[in-house]
Amino acid sequence: MQSFFKLTRPATESLAAEYGTPLLVLSLEQVKDNYRFLTERLPGVKVHYAVKANPERRLVAALAAAGSYFDAASDGEMLDLAAMGVAPDRIIYANPIKTAGGLAAASRTGVRKFTFDSENEIGRIARAIPGGTVLLRIRVDNTQALVDLNKKFGAPPEDALRLLRLAREQGLDAGGLCFHVGSQSTSAKAYTEAIKVCRRIADAAASDGFALRILDIGGGFPIPTPQENVDVAAMLAEIRGALAARFPAAEVWCEPGRFICGTAVNLITRVIGSQTRNNQQWYFLDEGLYGTFSGVVFDHWDFALETFKGGRQIAATFAGPSCDSFDVMFRDKLTAPLVVDDLILVPNCGAYTSASATTFNGFAKAAVVVWEELTALRAAAV
Ligand SMILES: Cc1ncc(COP(=O)(O)O)c(C=O)c1O
């Protein structure tokens, strides 16, 4: 089982005392471990970190230094990557529907690789970046993913040849195929099935004169939390086998987001209110649904809460600090009884959390500190 970053109780208490709460603690070592885990088990595959999962600059810089490529979804992400010195040939603009600002940013920064899944997009890319390389995103079915992306994106396989031909006619470099099996996918089957579908399309395309040289297998690799109990190494071995059997000569890319950053961040939050309403225990925290816990809504994620207290468990409702009644993260969550000022540690808090946090009601986003930079504190905590 893979390691994941989890603060001890003394470290949690020292950090809260020194920096206040809510606080996000990022382990760059864990980020690099996760990157290494993927590159070692998918040798030769170009890992493009999906910046949307967590765009924190120190995290992105660590990955850039480790040799990562990047998946950008927007002009903002491309411009940030360029400002950090990431070379444009290490970036794919992997949003099947691009904005005018996004295409202008690609042109300005020199990004020349794109995904698409519809006819309308072809002319837009060809006009903005003549001769650009495009990967056709294929729709794949996977009802088991936590977040199903294939209702919104992906061309039906039967449309693939027509779309590739249109891209070629417009002077684009139809470089290959891509897919995304859905986020937090816990079995290899969706990948191996999608690889099979792509092989059929690539064979049909070959007889039409295409030499599709790139296969991008997307993201979706799961955050391996203890609750999930998923063997990611076994999953990757199966995917690797399918790639070797069906695309032995292709250049293979992937676009992991959550797998790289999910286990690398801990949130420290504090109980700021306690109430009994209709015989239900309510706890109010200084971080809520409009902040780091936005992942409950947008990522359908159920966060584990570490209270450092054993013994009796009660079912409680946990709410955020805003004045909005929607700001409730968990209902009937089992917890040790808590009192105001108690600290709660939330591990595995790095993906689709701070990335979608807002400052609604005037609450600042949680500050981020890098664990490896706090050497004195680390020494005291072991
Ligand atoms: C095109 C694309 N690539 C990669 C990702 C990253 O997915 P994950 O975080 O599941 O690895 C996403 C997530 O939405 C995506 O839309």
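This is a predicted model: local features need pLDDT of at least 70, side-chain atom pairs count only at pLDDT 80 or more; totals for chains, interfaces and linings use all residues.
Student: What makes strand β2 largely enclosed by the rest of the structure?

Tutor: A strand here is a DSSP run of E with at least two residues, a helix is a run of H or I with at least four, and both are numbered from the N terminus. A residue is buried if 20 or more other C-beta atoms lie within 10 Å of its own, exposed if 12 or fewer, and partly exposed in between, with C-beta atoms placed from the backbone. Four of the five residues of β2 (residues 46-50) are buried, so the strand is largely enclosed.

Student: How do you know which strands pair with β2?

Tutor: Two strands pair if DSSP finds at least two bridges between them. Two bridges join β2 to β9 (residues 251-254), running parallel, and V47 stands opposite C254 in β9. Three bridges join β2 to β3, also running parallel, and here A50 stands opposite D71.

Student: Why are the buried residues of helix α4 said to line one face?

Tutor: In α4 (residues 75-83), the buried residues are D75, E77, M78 and L81. Seen down the helix axis they fall within an arc of 165°, so they line one face; the arc is that of the directions from the axis to the C-beta atoms. Among the elements that cover them are β3 (69-72), β4 (91-93) and α5 (100-109), where contact requires the C-beta atoms of two residues, placed from the backbone, to lie within 7 Å.

Student: Which residues come nearest to the ligand?

Tutor: A residue is near a molecule if its C-beta atom, placed from the backbone, lies within 6 Å of it. Of the 16 residues around the ligand, A50, S183, G219, G257 and R258 come nearest. The shell divides into seven nonpolar, six polar and three charged residues, where Ala, Val, Leu, Ile, Met, Phe, Trp, Tyr, Cys and Pro count as nonpolar, Asp, Glu, Lys and Arg as charged, and the others, Gly among them, as polar.

Student: How is the chain divided into domains, and how many residues are in contact?

Tutor: Domain 1 covers 28-261 and domain 2 covers 262-381, with bounds from an automatic or database domain assignment. In contact are 20 residues of domain 1 and 16 residues of domain 2.

Conventions
Residues are numbered from 1 along each chain as its sequence is written.
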